[in-house]
Amino acid sequence: MTKRLAHERGHADHGWLNSFHTFSFADYRDPAHMGFSVLRVLNDDRVAAGRGFGRHGHRDMEIVSYVLEGALKHQDSMGNGSVMVPGDVQRMSAGTGVLHSEQNASATEPVHFLQIWVLPDRAGHAPGYEQKRFSREAKFGKLCLVASGEGRDGSVSLHQDIALYATILEADAAVSHTLAPSRAAWVHVAMGHVNVNGVRFGEGEAVPFTGGDIRLDG
């Protein structure tokens, strides 16, 4: 296994935003880390209280937001508005073009979330939006499907043949997954520590797989 170490990621500290980039993004450019398969962006963002990303545009990208701590307020040009808290998963299909803003919903506490960009199966989809909540119990000691190409098993739907799983593991818990032939996986530790096939990984660290079995131990 080849670890993607947390401290090797791109980093941008703007005061109100502290962001780590697993793959090349904005001013961070690394030809060796331009994405993984159809996964293009994985940003670990912390936004200060009362601050956020002003209205800006995207197109031809599937954008997934996964809140870890705090609350994130979303508004877009499709007329959607919501506040996301831990357990919420939001998908915005930028398609032919969409404007949106993301703000910390709290005036006193920071918000910590993952921003995940997936390349769509083709250009020119109509813009779309979806948000669902997945309980802690649904992820506790098991792999919970939160996003997929077909929106199967109650997950949010993406315009791509992909499956995004989340899990929460205690010290005595483990989950396993066997990759089908020709499938690949990116394992990212969002918080805490986990053993991946017997190797210890810390917060912000990740590892790619291009086949075989994956076992995660808390």
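Biologist: Which residue lies over the face of Phe-201, and at what distance from the ring centre?

Modeller: Lys-3, at 4.7 Å from the ring centre. Keep in mind that this is a predicted model.

Biologist: How many aromatic pairs does a search of the whole structure find, and how is a pair described?

Modeller: Two values describe a pair of aromatic rings: the distance of the centres and the angle of the planes. The search finds 4 pairs here. Trp-16 and Phe-53 form one that is edge-to-face, 5.4 Å centre to centre with 75° between the planes. This pair links distant parts of the chain, 37 residues apart: Trp-16 is in the loop between strands S1 and S2, Phe-53 in strand S4. Both Trp-16 and Phe-53 are buried.

Biologist: Why is the pair of Phe-36 and Trp-186 tilted?

Modeller: Its planes are at 50°, so the pair counts as tilted; the centres are 5.3 Å apart. Phe-36 sits in the loop between S2 and S3 and Trp-186 in strand S16, so the pair ties together parts 150 residues apart in sequence.

Biologist: Where do nonpolar side chains tend to be in soluble globular proteins?

Modeller: They tend to be buried together. In this model the largest nonpolar core has 22 residues. Phe-23, Tyr-66 and Trp-186 are among those with the most contacts inside it. Strands S3, S5, S10 and S12 each supply at least two residues of this core. Apart from it lies another core, of 12 residues, including Leu-179 and Val-196.

Biologist: Is Ser-19 buried or exposed?

Modeller: Buried, because its relative accessibility is 3%, under the 20% cut-off. Ser-19 is in strand S2. A polar contact of 3.4 Å joins its side chain to that of His-21.

Methods: Residues numbered from 1 in each chain as written. Predicted model: local features only at pLDDT ≥ 70, side-chain atom pairs only at ≥ 80, totals over all residues. Heavy atoms only, no water. Helix = DSSP H or I, 4+ residues; strand = E, 2+ residues; numbered from the N terminus. Buried < 20%, exposed > 50% of the residue type's maximum accessible area, 1.4 Å probe, protein only. Polar contact = N/O pair within 3.5 Å; in protein donor to acceptor, adjacent residues only side chain to side chain. Core = buried A, V, L, I, M, F, W, Y, C linked by side-chain atoms within 4.5 Å. Phe/Tyr/Trp six-rings, centres within 6.5 Å; stacked < 30°, edge-to-face > 60°. Lys NZ or Arg CZ within 6 Å of the ring centre and 35° of its normal.
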